[in-house]
Amino acid sequence: MTDSNDRSASVFVHPTADVEDGAKVGDGTKVWHLAHIRSSAQVGAGCVIGRNVYVDAGVTVGDLVKIQNNVSVYQGVTLEDEVFVGPCAVFTNDFRPRAQNPDWTITPTLVRRGASIGANATLVCGIEVGEYAMIAAGSVVTRDVKPYQLVAGNPARPKGWVDAKGEVVSRDVDNPPHQG
């Protein structure tokens, strides 16, 4: 991993992107048009940071993560390795947002390895998305999502189970199939 002042030749940063001093970006990562990676953010190796993506200070993005266009990953969000975030997905980090609140606190969100978040999904802060879980496009996620669980809707509800490749393997929402 290299910092913003000593970027490896294997890291591509589009000329219109802004990678602030102190940000760390892993080898093989591509940062596309108008993306902004704040100081103290860590982006792993082999990632794709799409057009107009904002990665806030203090955010951790694992290896081989793909964040598609127009996503803001705010402070308090952690994306583990191999996470997919579809275009225009939204993360929040404050349960009681106000324009003026000196006492606000960041409420963390954790997205585990291999999870996929569909386009235009909204993830309300304070949740954990389990490994290889799948969140359908347009969903509003207000609760934890179990590993390999498929959720959809507003609010997001269990719809079945997927495997590590994202294929639906069961629609029995109460009985997850054996993973292994």
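A residue counts as exposed when its relative accessible area is over 50%, and as buried when that area is under 20%, with partly exposed in between. Glutamate 167, at 51% relative accessibility, is therefore exposed. Welcome to this structure, which is a predicted model.

**Glutamate 167 and its surroundings**

- Glutamate 167 sits in the loop between strand S23 (157-162) and strand S24 (168-170).
- Leaving aside residues up to four places away in sequence, glutamate 167 touches Trp161 and Val162.
- Methionine 134 is 33 residues from glutamate 167 along the chain, and the C-alpha atoms of these two residues are separated by 9.7 Å.

**Aromatic pairs**

- A pair of aromatic rings is described by how far apart the centres are and by the angle of the planes.
- Phenylalanine 12 belongs to strand S2 (residues 12-13), while tryptophan 32 is in the loop between strand S5 (30-31) and strand S6 (36-37), so the pair ties together parts that are 20 residues apart in sequence.
- Both partners count as partly exposed: phenylalanine 12 has 33% relative accessibility, and tryptophan 32 has 29%.
- Tyrosine 132 and tyrosine 148 form a stacked pair, because their planes are at 20°, with the ring centres 5.5 Å apart.
- Tyrosine 132 lies in the loop between strand S19 (128-129) and strand S20 (134-135), and tyrosine 148 in the loop between strand S21 (140-141) and strand S22 (149-152), so this pair ties together parts 16 residues apart in sequence.
- Tyrosine 132 counts as buried at 16% relative accessibility, and tyrosine 148 is buried as well, at 14%.

**Cysteines**

- A disulfide is a covalent bond between the sulfur atoms of two cysteines.
- How many disulfides does a search of the whole structure find? The search finds zero.
- Cysteine 47 is in no disulfide, and the nearest cysteine sulfur, which belongs to cysteine 88, is 19 Å away; a disulfide would need the two sulfur atoms within 2.5 Å.
- Is cysteine 47 buried or exposed? With a relative accessibility of 1%, cysteine 47 counts as buried.
- Cysteine 125 is also buried, because its relative accessible area is 3%.

Methods
Residues numbered from 1 in each chain as written. Predicted model: local features only at pLDDT ≥ 70, side-chain atom pairs only at ≥ 80, totals over all residues. Heavy atoms only, no water. Buried < 20%, exposed > 50% of the residue type's maximum accessible area, 1.4 Å probe, protein only. Helix = DSSP H or I, 4+ residues; strand = E, 2+ residues; numbered from the N terminus. Phe/Tyr/Trp six-rings, centres within 6.5 Å; stacked < 30°, edge-to-face > 60°. Contact = heavy atoms within 4.5 Å.
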